[in-house]
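Good morning, and thank you for giving me a few minutes of the meeting.

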Amino acid sequence: MEIPQGAKKPKFETTFLMRKNGVEKAFSLADYPDSTWTFVDSKTVQIEAGYVPPIHDFAIERMNDGQDITNEVLSDSGYTFLLISPHLEQADDSNFGAIDQIFEYAQEEHIPFYCLTASTKEAITKWEDITGAEYPFCTTDETTLKTMIRSNPGLMLLKNGEIIRKWSHNDLPKGDELNAPLQQLSIGKMPTDSVPGKILKILLWFVLPLLVLTVADRMWAWTRWLKRKEESNKIYQRLKRRKTMRKKIVAGNWKMNLNLQEGVALAKELNTSLTAEKPNCGVIICTPFIHLASVAGVLNQDIIGLGAENCADKEKGAFTGEVSAEMVKSTGAQYVILGHSERRQYYNETPEILKEKVLLALKNGLKVIFCIGETLEEREANKQNDVCKAELEGSVFNLSAEEFKNVIIAYEPIWAIGTGKTATADQAEEIHAFVRSVIADKYGKEVAEDTTILYGGSCKASNAPELFSKPDIDGGLIGGASLKAADFKGIIDAWK
């Protein structure tokens with residue numbers, strides 16, 4: 001951006017228009033006339049170009065107040081992260097969880113973090129809705145951003161105004177790499193690639209295709225062997241079927257929210273969005289009773305399943321205000337949530353009551369999303385395993401193995417429901433694995449491996465990818481975040 005000392009300067013020529021005795025004439029500085037002439041106008045034009053810096057349109061303006069912070073960023077003697085996206089509406093959002101982790105690290109280490117974009121405020125708002133982004137946004141020239149990094153988005157690390165690292169969105173630093181201040185990490189220093197090393201890399205690009213072809217040939221032979229083995233080995237067939245049958249699900253629990261018109265509008269929006277971009281998992285929305293029949297009419301249930309939030313423990317009769325499992329099924333619903341902690345806490349639903357509800361739901365062809373989970377006091381007393389096991393034994397372990405196949409388990413730590421607190425991915429995985437082992441003890445490993453176990457409790461787009469990456473977490477039962485289509489879809493997209 002700087003003009004070097006001694007660089008060629010542009011040349012300009014100024015012409016003066018003068019008048020005398022009613023006659024106008026043009027003069028240059030060299031032949032400027034005496035005072036008997038009257039000045040009329042002047043014109044300056046560039047007649048010869050000078051040195052032009054390679055980068056001359058680089059400016060960073062904060063989106064919220066329009067302040068130019070270019071010099072502030074470039075003169076900072078410490079580190080600065082720059083997330084680069086010329087157009088957020090075209091950016092790949094599959095790795096936003098890793099970006100959020102880096103932003104959180106930057107906050108902890110007091111390192112400035114800015115997203116530079118040429119997008120509109122509307123596009124930025126949509127990106128925030130999809131990814132849960134909380135970092136500040138700045139505007140920068142589109143062409144300059146495309147010149148800085150080709151990946152959309154990409155990440156740069158500056159130190160003392162100098163680029164020392166940059167990454168594509170597919171190659172971002174992992175959370176476990178950011179375990180110390182940047183000056184102590186290798187990524188906080190300029191790479192030390194040698195010329196011989198670069199030459200070796202280039203040569204490898206020629207050798208690598210040959211290696212790939214060799215491996216592909218061996219893989220093809222191995223695949224043929226496996227196919228023959230698969231056809232003759234019944235045990236392998238059973239194992240493969242078991243692996244593919246366990247369904248990944250994101251289910252929404254609207255609870256007592258949204259009137260009928262609002263609920264139908266949300267269902268339509270979700271249906272349109274997921275029809276246009278089919279999800280990589282099963283999707284279910286569980287609505288209040290009054291919504292069921294109307295919502296069933298606007299959903300493509302091949303893409304979005306419909307469920308109720310409860311049903312009665314009686315088949316039919318004089319039970320004013322209750323809604324039976326048969327009534328739920330007649331609306332077009334396929335699922336019902338039972339055993340939610342709010343039903344247990346506020347309406348005193350006992351294991352025996354829930355046992356009756358489960359039996360009636362299954363009898364009427366509904367699949368059951370059965371909730372279990374411990375309170376904060378029980379977690380602090382390390383009783384979470386005992387609580388979850390007891391809730392399973394009290395209400396669903398009376399079922400046959402065939403009946404149990406129609407049950408989805410949802411583990412919801414009560415202390416994390418609607419509180420903003422979330423069990424860590426490792427905590428959630430630990431209890432999910434325990435629940436699966438309890439099911440295996442009761443029904444055998446094959447049934448346990450086929451059982452879908454969801455996590456619930458302040459799950460959102462920013463933490464869903466980490467939670468869903470765990471081997472025993474098969475999706476989520478989502479509360480508040482299911483009430484907005486963009487938030488809910490952000491969680492669904494975690495399965496991408």
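Predicted model: local features only at pLDDT ≥ 70, side-chain atom pairs only at ≥ 80, totals over all residues.

Residues are numbered from 1 along each chain as its sequence is written, and side-chain values use heavy atoms, with hydrogens and water left out.

Let me start with the whole chain. There are 18 helices and 17 strands; helices are DSSP runs of H or I with at least four residues, strands are runs of E with at least two, and both are numbered from the N terminus. The radius of gyration is 32 Å, well over the 23 Å that the globule rule gives for 496 residues, so the chain is more spread out than a compact globule. That radius is taken over C-alpha atoms, and the rule is 2.2 Å times the number of residues to the power 0.38. Along the principal axes, the C-alpha atoms fill a box of roughly 115 × 60 × 45 Å.

How much of the chain is buried? Buried residues make up 41% of the 496, where buried means under 20% relative accessible area, exposed means over 50%, and partly exposed lies in between, with a 1.4 Å probe and protein chains only. Of the contacts with a separation of 6 or more, 69% join residues 24 or more positions apart; a contact means heavy atoms within 4.5 Å.

I turn now to the backbone. Most residues other than glycine have a negative phi, and most peptide bonds are trans. The bond from N152 to P153, however, is cis, with omega near 5 degrees. P153 lies in the loop between α4 (142-148) and β8 (154-159). Two residues other than glycine have a positive phi: K255, near 55 degrees, and S458, near 60 degrees. K255 is in the loop between β10 (249-253) and α7 (260-276), whereas S458 is in the loop between β16 (453-456) and α17 (464-468).

Next, please find helix α13, residues 384-395. Its twelve residues reach 17 Å from the first C-alpha to the last, close to the 16 Å expected at 1.5 Å a residue; the expected span is 1.5 Å times one less than the number of residues. The buried residues of α13 include V387, C388, E391 and L392. Among the elements that the buried residues of α13 pack against are β14 (367-372), β15 (407-411) and α15 (425-443).

V298 sits in the loop between α8 (292-296) and β12 (304-308). At 23% relative accessibility, V298 counts as partly exposed. Leaving aside neighbours within four places in sequence, V298 is in contact with V264, A267, K268 and N271. From R218, V298 is 80 residues away in sequence and 50 Å away in space, C-alpha to C-alpha.

Finally, consider helix α18, residues 485-492. Six of its eight residues are buried, so α18 is largely enclosed by the rest of the structure. Those buried residues are A485, F488, K489, G490, I491 and I492. D493 lies in the segment after α18 and is also buried, with a relative accessible area of 13%. D493 and E277 are 216 residues apart in sequence, yet 9.9 Å apart in space, C-alpha to C-alpha.
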